[in-house]
Amino acid sequence: MKRLQLFYFLLCFNGFTGSICAQAPVEDAVYWQYAKASFPQLKELLAIPNDAHFPEEIERNVRWCEQHFTQSGFSTKRLETPGAPLLLAERKTNAKGAKTVLIYLQVDGQPVDPKFWNQEDPYRATLKKRTADGAWEPMDWSLLASEKIDPEWRIFARSTSDSKGAVNMFLTAVDMIDDRGESPNFNIKVIMDFEEEMGSPNLPRAVREYSEALAADMLIIFDGPRHITNKPTLTFGARGISEITLTVFGPNFPQHSGHYGNWAPNPAVRMSQLIASMKDENERVTIPGFYDGISISEKVKRVLDDVPDHEDYINKRLGVAGGTGVAPTYQESLQYPSLNVRGFSSGWVGDEARTIVPATATAEIDIRLVVESDPDRLIKLVRDHIVGQGYYVLDREPTAGERETHPRICRFTSSTSYLAFRTDFDSEVGLWLDRALTHAFGETPIKQRTSGGSIPISPFVSELGVPAVTVPTVNRDNNQHSPNENIRIGNYVDGIKTIHYILKEEL
């Protein structure tokens with residue numbers, strides 16, 4: 001960053017002897033210069049495959065983070081788990097009585113299927129611009145070093161937005177505070193998760209085991225997209241997640257639909273009926289007790305109404321005529337647990353279609369949890385409902401004797417990855433982040449009571465006793481978890497600005 005240190009000195013000096021650059025407002029031009037300087041490092045990080053199902057890939061990511069956080073003045077330590085390690089990076093301040101801020105970063109990413117990506121390699125970052133017909137046209141990467149960069153350009157690669165982009169934003173913001181001679185008046189701990197997309201299965205145990213090393217006064221999560229308006233956003237909670245896998249059984253093997261189509265029970269039909277029995281025509285869960293404990297007070301409704309959602313715009317983006325009947329507004333719908341069928345499989349379709357009665361039908365369900373949800377209770381409600389529909393429920397394959405005895409059989413397995421969390425708007429961390437983002441962008445950030453997605457934060461909240469707030473930075477239309485994931489250049493630059501202002505805001 002030597003060139004940028006000189007650039008910054010010349011920009012701030014302005015001919016006034018003794019001017020204090022650290023106290024001067026930071027021009028947006030400075031953030032663009034730092035972003036330009038960081039793009040090669042971002043490309044390098046994105047080029048490392050990061051599917052947590054492949055430990056050798058994750059090891060390369062861990063080593064990269066160790067190297068670059070050490071270069072940025074952090075001490076690093078691996079927190080070993082039965083799976084991938086967590087990586088803890090730490091920088092201390094000399095300020096007396098300083099508080100400690102723990103920062104969560106995710107480094108792993110969703111698996112990729114290259115044939116669905118509009119580029120040769122999902123891990124080779126590709127710069128693109130939108131054409132007049134809405135398509136994305138590749139551009140030469142060297143344009144990111146040009147004098148004029150369009151903030152609407154995007155970088156396409158796995159984990160650009162979820163969430164290696166945030167990792168590089170953070171490192172760049174740290175370079176800024178060092179170059180500017182700014183010193184945060186709080187200790188910084190960074191915990192890096194390399195198994196988030198697998199549900200962070202080893203995180204709860206690790207937080208308990210390493211609670212002393214992770215001890216902090218508050219937790220910030222740099223993850224997720226901003227509000228749909230793309231304005232600065234703070235999110236004060238996230239839903240948890242439980243998962244259920246159902247398999248309904250028919251004949252031992254797929255059977256000829258002409259010979260047995262009116263005789264052999266069809267598991268695809270029965271699974272469809274079973275799923276339909278759980279929800280009404282407006283997709284509200286009909287299982288008694290599923291929404292128990294959820295109360296939306298007038299005060300909470302005012303908080304939700306303060307979020308400037310435009311449901312018509314959301315529906316247009318989604319390509320749907322309207323929302324379900326779970327709640328009257330988008331924000332209110334996020335305050336309830338969900339019962340989502342995320343996938344259904346039975347038999348074959350398309351070019352592989354066969355005239356058969358399938359042998360099985362499988363449905364994958366995720367339940368998004370809110371703070372008021374007890375996951376064990378909700379899972380039991382679903383299981384009891386299936387029993388009430390006349391099914392013999394197992395956690396394994398049925399035996400031949402069970403097949404001959406029970407007309408309806410369902411295998412039921414479940415798990416809970418992590419719980420929901422929620423922090424008060426007027427908590428110390430909430431007020432501090434509000435000040436930082438207001439100073440950065442000249443307007444109060446949008447405050448969301450909870451996000452719809454799930455992040456593995458509840459173990460920190462419950463085990464360490466710390467409040468947590470998410471600071472999202474990326475564009476909402478980033479295709480995270482999907483092919484052609486991307487980050488908008490303007491969001492990347494704003495992300496560096498966001499984190500820099502947080503790091504220099506007094507706590």
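In this predicted model, strand β11 (residues 240-249) and strand β17 (residues 409-418) pair in the antiparallel sense, with 8 bridges between them. Within this pairing, Thr-247 is placed opposite Arg-411 of β17.

Strand β11 is also joined to strand β15 (residues 360-369) by 10 bridges, and these two strands again run antiparallel. One point of reference along this pairing is Ile-244, whose bridge partner in β15 is Ile-365. Strand β15 is in turn joined to strand β13 (residues 340-345) through 5 bridges, likewise with antiparallel directions. Here Phe-344 stands opposite Ala-363 of β15.

These pairings belong to an open sheet of 5 strands, in the order β13-β15-β11-β17-β16. At the edges lie β13 and β16 (392-394), each of which pairs on one side only. On average, and with direction ignored, neighbouring strands of the sheet are turned by 25° against each other. As a general point, the side chains of a regular strand alternate between the two faces of the sheet.

The sheet also has a helix against it. Helix α12 (residues 375-388) lies across β11, β15, β16 and β17. Relative to β17, helix α12 runs at about 170°.

A separate packing arrangement involves two other helices. Helix α3 (residues 55-71) packs with helix α4 (residues 160-179) at an angle of about 15°, and their axes are 11 Å apart. Which description does this angle give to α3 relative to α4? Because angles under 35 degrees are classed in this way, α3 is roughly parallel to α4. The crossing of the two helices is left-handed.

On the α3 side, the contact is made by Asn-61, Trp-64, His-68 and Phe-69. The residues that α4 contributes are Lys-164, Val-167, Asn-168, Phe-170 and Leu-171. Sorted by class, the contact between α3 and α4 comprises 5 nonpolar, 3 polar and 1 charged residues.

The chain has an average pLDDT of 94, and 95% of the residues score at least 70. Residues 6-24, however, have a pLDDT below 50. Beyond near neighbours in sequence, this stretch has 14 contacts in the model.

Key: Residues numbered from 1 in each chain as written. Predicted model: local features only at pLDDT ≥ 70, side-chain atom pairs only at ≥ 80, totals over all residues. Heavy atoms only, no water. Axes fitted to C-alpha atoms, helices over the stretch in contact; angles between N-to-C directions. Helix = DSSP H or I, 4+ residues; strand = E, 2+ residues; numbered from the N terminus. Parallel < 35°, antiparallel > 145°, perpendicular 65-115°, else oblique. Left-handed = near helix turned anticlockwise from the far one by under 90°. Contact = heavy atoms within 4.5 Å. Nonpolar A, V, L, I, M, F, W, Y, C, P; charged D, E, K, R; others polar. pLDDT = per-residue confidence, 0-100. Pairing = 2+ DSSP bridges.
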